[in-house]
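Open the model in your viewer and keep the selection panel at hand.

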Amino acid sequence: MSWFTKKEKEREERFILSLDGGGIRGIVTSVILSHLSQGLKERGDMRPLYSHFDLIAGTSTGALLALGLAIDGLNVKQDEGPLCPVTHIEKTGFFSRQTVTDGFIARLGDPEAFTELYMNNASGIFSSKGNFLSQVFSTKYDTASYEKFLRNTFCDTCLKDSMVPCLVVTYDSMAGCMRILSSYNEYRDMKACDAARASSAAPVYFPPFYAADGHSLLDGGIVANNPALAAYAEAQKLYPECEVFHILSLSTARGVYRFNPKDGIPGIAGWAEPVMKMYPNAQMDFVNRILSDLGNVDYVRIEGAVSKEKIKMDDTRPESLKTLVNGGEKLWQENRDRLDSFLSVLSERKTSDSVRLRQQIPART
């Protein structure tokens, strides 16, 4: 008979943040992210939002936000708050112990600054190349203006500069498959601005991004506008012992498209537009259903239309931008109870081995 009882192993749980694509509608997501960040602070949890997650994933405009949250060294307003030391208790004698500081959780880009970033740069990102006729044989927008914005924002940072595991989704049209660009795989040395450009290379709007291997990378929305399922698959590889994955999936308020064939006409003329609209709708529904039915997943999906008028991904009119900001506030309020519950679980989690720490000890003042 043993005099000791083995301590029951604590259940391993991991947290994933998934951010949808949707062009300028990323404003909706940015508003919710700022509320999440503020909500943690109101609970007395001063750790930055990104540090609560074990994986952050994004597609297209969601890729910009994911990288903006996770990467160290961006040219954006920094999150403010006290330093957050990570410590452990070390035994120094039979009865004595001391607290050892392992490092500090870094303060990165302020989630509240992302909305302002969209508002100030919307017209520059979607800079038209000319009249309609010229766009028939070329992309709709000028890549140079968009790439300048990305370089100015992400500077010379690389995916490996992410302080928590981070991935963005893109589609390799030459290989005919999804391509994951992440902080931990063979693309980790890729510049963050290039990864963001690849994931948001929406056909017709922007030309493909050509990677170092010569492959053409297109907007991740082609294969996973909601990257939550792709993130779940990656998280299983990163954390094979995990028993429960908590996934917070934020949409860009894309409304559900419904179509009655009786209202249209048969043939190409009648089906061309409905098919293009049904495809992303069906893709999103598939991801939601799969993740909601998985036994080891706690899936919180925030979605819903925010206005009667559909706002296109490249609509940069001032009134449309204001509608998107208000729409983000509306989604936050409509889902307040669910998001508050998720925040409560986040703030109760005291440690995470997924966060890279800054080792330097701050100077005493």
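Select His246 and Asp298. Asp298, in strand 10, is the bridge partner of His246. Helices (H or I, at least four residues) and strands (E, at least two) are DSSP runs, numbered from the N terminus. Two strands pair if DSSP finds at least two bridges between them.

A word on the source: this is a predicted model, in which local features need pLDDT of at least 70, side-chain atom pairs count only at pLDDT 80 or more, and totals for chains, interfaces and linings use all residues. Residues are numbered from 1 along each chain as its sequence is written, and side-chain values use heavy atoms, with hydrogens and water left out.

Next, select strand 1, residues 13–19. Strand 1 pairs with strand 9 in the parallel sense, over 7 bridges. Pick Leu19: Leu250 of strand 9 stands opposite.

Now colour strand 9, residues 244–250, by accessibility. How many of its residues are buried? The count is 7 of 7. Buried means under 20% relative accessible area, exposed over 50%, partly exposed in between (1.4 Å probe, protein chains only). Both faces are covered. Val244, His246, Leu248 and Leu250 lie on one side. Phe245, Ile247 and Ser249 lie on the other.

Turn to the rings. The whole structure holds 8 aromatic pairs. Rings of Phe, Tyr and Trp (its six-membered ring) pair if their centres lie within 6.5 Å; planes under 30 degrees apart count as stacked, over 60 as edge-to-face and the rest as tilted.

Select Tyr146 and Phe206. Their ring centres are 4.8 Å apart and their planes stand at 25°, so this pair is stacked. Tyr146 belongs to helix 5 (residues 143–154) and Phe206 to the loop between helix 6 (192–199) and strand 7 (209–210), so the pair ties together parts 60 residues apart in sequence. Tyr146 is buried at 4% relative accessibility. Phe206 is buried too, with a relative accessible area of 4%.

Then select Tyr232 and Phe245. Here the centres are 5.5 Å apart and the planes at 90°, so the pair is edge-to-face. Tyr232 sits in helix 8 (residues 228–238) and Phe245 in strand 9, so the contact ties together parts 13 residues apart in sequence. Tyr232 is buried at 8% relative accessible area, and Phe245 at 1% relative accessibility.

Last stop: select Phe126, Tyr141, Tyr146, Tyr205 and Phe206, which form one aromatic cluster.
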